[in-house]
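This report describes the architecture of a single protein chain. Please keep the sequence and the model at hand while reading.

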Amino acid sequence: MELCFHIGLPKTATTTVQKHVWSTVDGYLGRMTGRQNDARALELKRAFRGWMAQSRGWQAELEAAIEVLKDSGADFALVSEEFLTAWPSPGNQRGIALEDAWLRVTRRQRPHPVISWLGSAQETVGAGSRVRVILTLRRHADLLASLYSQSAPTMLRPSQRDFEAKVRRMIKNNDPFLDFHSLVKEIQETVGVENVLVLIFEDGLQVNVPRMLSFVDHGNPATVEPESLPRENQKASHVHTWKTRWESDYLVEVQRILFSILCRAMGSTGWARAAQRRIRRAIASGQSQRERRTQRELLLTVPAKLA
């Protein structure tokens with residue numbers, strides 16, 4: 001049996017891939033945070049909720065979910081869930097970087113929590129089976145800006161100042177979320193280098209989608225045209241500029257007015273400019289030498305002169 005996890009990172013076109021690429025793959029069970037009709041997916045969803053809450057029984061629930069998959073006779077199953085690269089912890093179950101609750105936990109410890117999930121899955125599938133992982137990385141500054149934009153509606157006072165203050169605290173605390181090198185190495189050591197596909201968001205869907213389909217080897221590339229895929233959940237409103245409050249086509253005029261008043265009352269500036277030199281320099285200078293080396297290996301380079 002082959003069990004494949006597409007684990008994000010968040011804001012790396014995961015929603016687009018889920019809706020328009022994985023939906024063409026036989027054996028795709030969906031997201032573990034979405035609605036599920038498949039009993040096999042429901043078992044995995046139960047285990048995932050336990051993992052997010054870091055409850056004691058989640059390993060047993062994951063083992064039971066994988067046994068259900070085996071009993072169904074499935075030789076391949078694919079799950080796409082970007083929350084697997086969140087960092088859940090006591091007091092911050094969602095574990096999304098830059099949310100207000102993120103900085104309440106000052107010391108996150110390696111290995112990344114997803115390693116325990118993948119390790120338990122690897123043990124359960126047993127000999128002759130394998131767990132495979134697809135991970136997409138993104139340039140740090142753009143990833144953090146996009147994450148902040150998405151989470152802004154849940155924040156008390158979202159603003160450019162708040163965004164920069166949170167990023168600086170992450171750097172000061174040597175937050176392991178920023179250490180992609182260790183994340184990749186931990187995953188490779190857990191499931192095997194040959195079972196890990198690392199993609200770069202900046203390469204674009206035209207490059208990444210064919211590589212994904214080739215890796216899982218259960219899709220029909222002829223049915224997917226990467227160039228024509230719609231972009232889902234985009235937060236960027238301009239080059240290196242992200243809105244901190246999204247606008248929905250479905251909001252009626254009254255709702256938009258009330259929402260605008262609420263934003264002003266909470267002190268939102270309405271924008272998060274991630275390309276400002278000071279914050280990009282801070283992000284780059286906060287990276288370790290091994291992180292820079294990983295970026296060179298993955299062709300994800302930080303320019304010496306930051307724009």
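A residue is called buried if its relative accessible area is under 20%, exposed if over 50%, and partly exposed in between, with a 1.4 Å probe and protein chains only. At 39% relative accessibility, E63 therefore counts as partly exposed. E63 belongs to helix α3, residues 58–71. Its C-alpha atom is 8.5 Å from that of V125, although E63 and V125 are 62 residues apart in sequence.

The model is predicted: local features need pLDDT of at least 70, side-chain atom pairs count only at pLDDT 80 or more, and totals for chains, interfaces and linings use all residues. Residues are numbered from 1 along each chain as its sequence is written, and side-chain values use heavy atoms, with hydrogens and water left out.

**Overall composition**

The chain has 11 helices and 7 strands; these are DSSP runs numbered from the N terminus, helices being H or I of at least four residues and strands E of at least two. Of its 307 residues, 52% count as buried. Contact means heavy atoms within 4.5 Å. Among contacts with a separation of 6 or more, 77% are between residues 24 or more positions apart.

**The sheet and its helices**

An open sheet is formed by 4 strands in the order β2-β1-β3-β4, with parallel pairing; two strands pair if DSSP finds at least two bridges between them. The edges are held by β2 (76–80) and β4 (196–200), each with a single partner strand, so one side of each has no neighbour in the sheet. On average, neighbouring strands of this sheet are turned by 15° against each other, direction ignored. Strand β1 (residues 2–6) is joined to β2 by 5 bridges, and the two run parallel. F5 has V79 as its bridge partner in β2.

Two helices lie across this sheet. Helix α7 (residues 180–191) lies across β3 (130–137) and β4, at about 165° to β3. Helix α8 (residues 205–216) lies across β1, β2, β3 and β4, at about 175° to β4. Axes are lines fitted to C-alpha atoms, for helices over the stretch in contact, and angles run from 0 to 180 degrees between N-to-C directions.

**Helix packing**

| Helix pair | Angle | Axis separation |
|---|---|---|
| α5 (residues 140–151) and α6 (residues 160–172) | about 125° | 11 Å |
| α2 (residues 39–52) and α4 (residues 114–125) | about 140° | 11 Å |

The angle makes α5 oblique to α6; angles under 35 degrees count as roughly parallel, over 145 as roughly antiparallel, 65 to 115 as roughly perpendicular and the rest as oblique. The contact involves L144, A145 and Y148 of α5 with D162, F163, K166, V167 and M170 of α6. By class, this contact has 6 nonpolar, no polar and 2 charged residues. Ala, Val, Leu, Ile, Met, Phe, Trp, Tyr, Cys and Pro count as nonpolar, Asp, Glu, Lys and Arg as charged, and the others, Gly among them, as polar.

In the other pair, L44, A47, F48 and W51 of α2 meet V114, S116 and W117 of α4. The contact of α2 with α4 has 6 nonpolar, 1 polar and no charged residues.

**Backbone details**

Most residues other than glycine have a negative phi, and most peptide bonds are trans. L98, in the loop between β2 and α4, has a positive phi near 80° and is buried at 0% relative accessibility. The peptide bond from R110 to P111 is cis, with omega near 5°.
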